[in-house]
Amino acid sequence: MWRLIVLFAFLAIPFQESFAQPSDSRRGVQEPLTISYCLQEIKGDWRFHYKIINDQIQYDRRYVNYGGQGSKLSIDTTAIHTYDIDSRGRTSYNLNWEENDGELKFMETNTKSSWDLRQGKDGVQIVLKDAYYPGCPEVVRYIVRLNKSQMLTVDPLTRDYYFYTRR
């Protein structure tokens, strides 16, 4: 009888290990973001999808100027945010619009925008300079998640979340 109990005890050990808690890396716990990682991943075009305000998803709706044809409310537009770094280390930021059919609409304003990354108390911040017009106050967003295909940022003042995917 005791041999049977010992046999079941040895058989139960591997079975119990399969129900052990997964390690942090398997549970999806993200390591803190670093500026060097963000510099590598942020370069390129990012399509803005929506922002979350008070647990409500808000899609992009704005007036778009169609050249000499005037402007009209365009609900199905998507903002394309472009972050670039040249060979000298200078950054540039552009904001354009893409219709759902894929046609890219360029902003009329020829703003020389730039961006920077800073280490803030709650993580890495994207700081946009002259983002929408010359003299525009700095736009600051904390990077919550960033990988090759998705980016989630949060406004430190309003706590609104902004979701992007790579274009």
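Strand β11 (residues 150-154) and strand β12 run antiparallel and are joined by 5 bridges. Strands here are DSSP runs of E with at least two residues, numbered from the N terminus, and two of them count as paired if DSSP finds at least two bridges between them. Within this pairing, Leu152 has Phe163 of β12 as its bridge partner. The two strands form a hairpin with 6 residues between them, where Arg159 takes a positive phi near 65 degrees.

The model is predicted, so local features need pLDDT of at least 70 and side-chain atom pairs count only at pLDDT 80 or more, while totals for chains, interfaces and linings use all residues. Residues are numbered from 1 along each chain as its sequence is written, and side-chain values use heavy atoms, with hydrogens and water left out.

Phe48 is bridged to Tyr164 of β12, and Lys51 to Tyr162 of β12.

Lys51 also has a bridge partner in another strand: Gln58 of β2. Strand β2 (residues 56-59) pairs with β1 over 4 bridges, again in the antiparallel sense. β1 and β2 form a hairpin, with 2 residues between the strands. In its turn, Asn54 has a positive phi of about 50 degrees.
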